[in-house]
Amino acid sequence: MKRYVSLGARAVSGLVLLLVGIAGFFAFAAGFADYPVVAPVPGAKPWIRGAYHVHTTRSDGRGTPAKVAEAAKAAGLDFVVLTDHNDLKPPAATWVDGVLLVPGVEISTSAGHLAAFGMQRPIEGVKPWGPPEQAVAAVAAAGGTAVLAHPVQTKNPWKDEATAHQVPGFELYSADTFFRQALRSPVSRLLPALGASLVNPVHGVMLLASPEPRPTERFLELARERGRIALCGADAHGLPEYEDIFNALDMELPPEVLPGPLSSDASEAAAQVTQALASGRALCVFRALGAPEGFALEGYDESTREAPVGTVLTVRLPEHAPGTLEVRVWGDGRLRPDGAHIELTGPGAVQVEVWALAPGRFFGHEWRPWLVPSPVRVVPGPPGI
């Protein structure tokens with residue numbers, strides 16, 4: 001018996017040493033990961049930056065709102081949208097050390113989690129884990145913008161079809177969902193990220209950013225019938241560290257949408273931010289890869305985010321090394337051979353994103369999303385003559 005116990009202990013020890021060695025290899029490789037991939041544009045007007053979907057000690061986050069603001073400031077953010085679980089009476093908007101803390105909430109319903117921001121009145125008539133239609137109606141009555149939080153995540157997907165068609169916002173990418181996806185591939189995805197985090201925490205977070213097709217497919221299903229807002233949810237709880245998540249991805253507001261600076265009055269500034277986020281003209285940016293200054297998607301009606309079938313959209317990219325960026329298109333559009341123009345083939349919706357060749361798990365590179373705008377709805381063209 002002792003012999004078998006000894007053999008088992010040695011096997012476990014050997015496995016642990018093997019995993020430590022593998023993690024050490026990825027940690028070593030992370031020391032050579034070079035960010036950003038795209039160099040800053042000299043003299044460009046900076047965009048207002050912030051994190052959406054962040055948890056604090058008011059629910060299951062590890063940091064107080066003040067600590068979150070401290071991390072946001074260190075990452076260069078201007079605002080943070082706090083979305084603590086079922087925090088139906090969050091504190092008013094406030095400036096903390098130069099960072100605007102914007103009140104929001106993540107409501108637990110029987111069909112999944114519903115995030116919301118921009119409420120003009122208190123949310124009323126909602127109980128945690130109640131029916132989804134109750135939460136959706138309550139957010140609308142409060143004048144807020146509702147968002148399906150991590151809607152196709154394995155743990156907490158959105159399961160109610162009727163309300164899915166009513167909610168304007170959709171978390172197309174979610175840092176928490178990336179982490180849960182990595183748990184299903186512990187050797188190929190999770191271990192490289194953990195090892196890299198020992199040396200280069202932001203690189204560790206970026207290694208988790210490996211999108212799967214289902215969120216985009218589901219998003220386009222919903223976007224074909226009405227305008228939708230794409231958001232990237234940090235879903236930050238403090239592990240990984242808030243600052244590392246904030247350095248990896250954020251939501252950014254172009255100068256033509258919100259020129260800045262934000263109002264010194266916190267409530268007015270919060271209204272500026274939430275209206276810009278709700279407009280659909282904000283951009284999800286995997287900021288570790290570079291700043292978005294110089295990017296533009298042109299050719300559609302910016303007030304409605306619509307364009308008729310046959311329209312050709314133009315993607316303008318910042319200066320970059322050849323072969324380091326590519327435009328990707330999903331839905332009812334076709335990328336032309338020049339890689340910068342998209343012909344709308346709808347009717348329906350088209351999702352246009354810019355991906356960058358980023359540092360990989362070893363010493364090579366892998367394609368990762370960089371700039372993610374909301375979709376363009378493709379409407380029927382005018383009748384022929």
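1. Helix H6 (residues 186–197) crosses H7 in a left-handed sense. Helices (H or I, at least four residues) and strands (E, at least two) are DSSP runs, numbered from the N terminus. Please keep in mind that this is a predicted model, in which local features need pLDDT of at least 70 and side-chain atom pairs count only at pLDDT 80 or more, while totals for chains, interfaces and linings use all residues. Residues are numbered from 1 along each chain as its sequence is written, and side-chain values use heavy atoms, with hydrogens and water left out.

2. How do the two helices lie to each other? Two packed helices are described by the angle between their axes and the distance between the axes. For H6 and H7, the axes come within 7 Å and cross at roughly 165 degrees. Axes are lines fitted to C-alpha atoms, for helices over the stretch in contact, and angles run from 0 to 180 degrees between N-to-C directions. H6 and H7 are therefore roughly antiparallel; the cut-offs are under 35 degrees for roughly parallel, over 145 for roughly antiparallel, 65 to 115 for roughly perpendicular, and oblique for the rest.

3. Contact means heavy atoms within 4.5 Å.

4. Helix H7 (residues 201–208) is mostly covered, with seven of its eight residues buried. Buried means under 20% relative accessible area, exposed over 50%, and partly exposed in between (1.4 Å probe, protein chains only). The buried residues are Val202, His203, Gly204, Val205, Met206, Leu207 and Leu208.

5. His203, in H7, deserves a look of its own. Its relative accessible area is 2%, so His203 is buried. Not counting residues up to four places away in sequence, His203 touches Ala30, Ala33, Tyr35, Ala196, Pro359 and Gly360.

6. Arg368 belongs to strand S18 (residues 365–372). Is this arginine buried or exposed? Arg368 counts as buried, at 2% relative accessibility. Its side chain reaches the backbone oxygen of Ala209 at 3.1 Å, and a polar atom of that side chain lies 3.5 Å from the backbone oxygen of Met206. Leaving aside neighbours within four places in sequence, the residues in contact with Arg368 include Leu207, Ser210, Leu289, Trp355 and Pro359.

7. Phe178, Phe179, Gln181, Ala182 and Leu183 of H5 make the contact with Pro186, Arg189 and Leu190 of H6.

8. In helix H5 (residues 175–183), the buried residues are Ala175, Asp176, Thr177, Phe178, Gln181 and Ala182. What do they pack against? Their partners are strand S7 (169–174), H6, H7, strand S8 (229–233) and helix H9 (242–248).

9. Gln153 sits in the loop between strand S6 (145–148) and helix H4 (161–164). With a relative accessible area of 3%, Gln153 is buried. The side chains of Gln153 and Asp176 make a polar contact at 3.0 Å. A polar contact is a pair of N or O atoms within 3.5 Å; within protein, one must be able to donate a hydrogen and the other to accept it, and residues adjacent in sequence count only if both atoms are side-chain atoms. Leaving aside neighbours within four places in sequence, Gln153 is in contact with Asp176, Thr177 and Arg180.

10. Finally, there is an open sheet of four strands, in the order S11-S13-S16-S15, with antiparallel pairing. Strand S11 (296–298) and strand S15 (333–335) stand at the edges with a single partner strand each, so one side of each has no neighbour in the sheet. The twist averages 20 degrees from one strand to the next. Two strands pair if DSSP finds at least two bridges between them.

11. To trace the pairing, start with S11 and strand S13 (residues 312–316), which are joined by three bridges. Here Ala296 stands opposite Arg316, and Glu298 stands opposite Thr314. Three bridges also join S13 to strand S16 (residues 341–344), where Leu313 stands opposite Ile342.

How values were computed
A crossing is left-handed if the near helix is turned anticlockwise from the far one by less than a right angle, and right-handed if clockwise.
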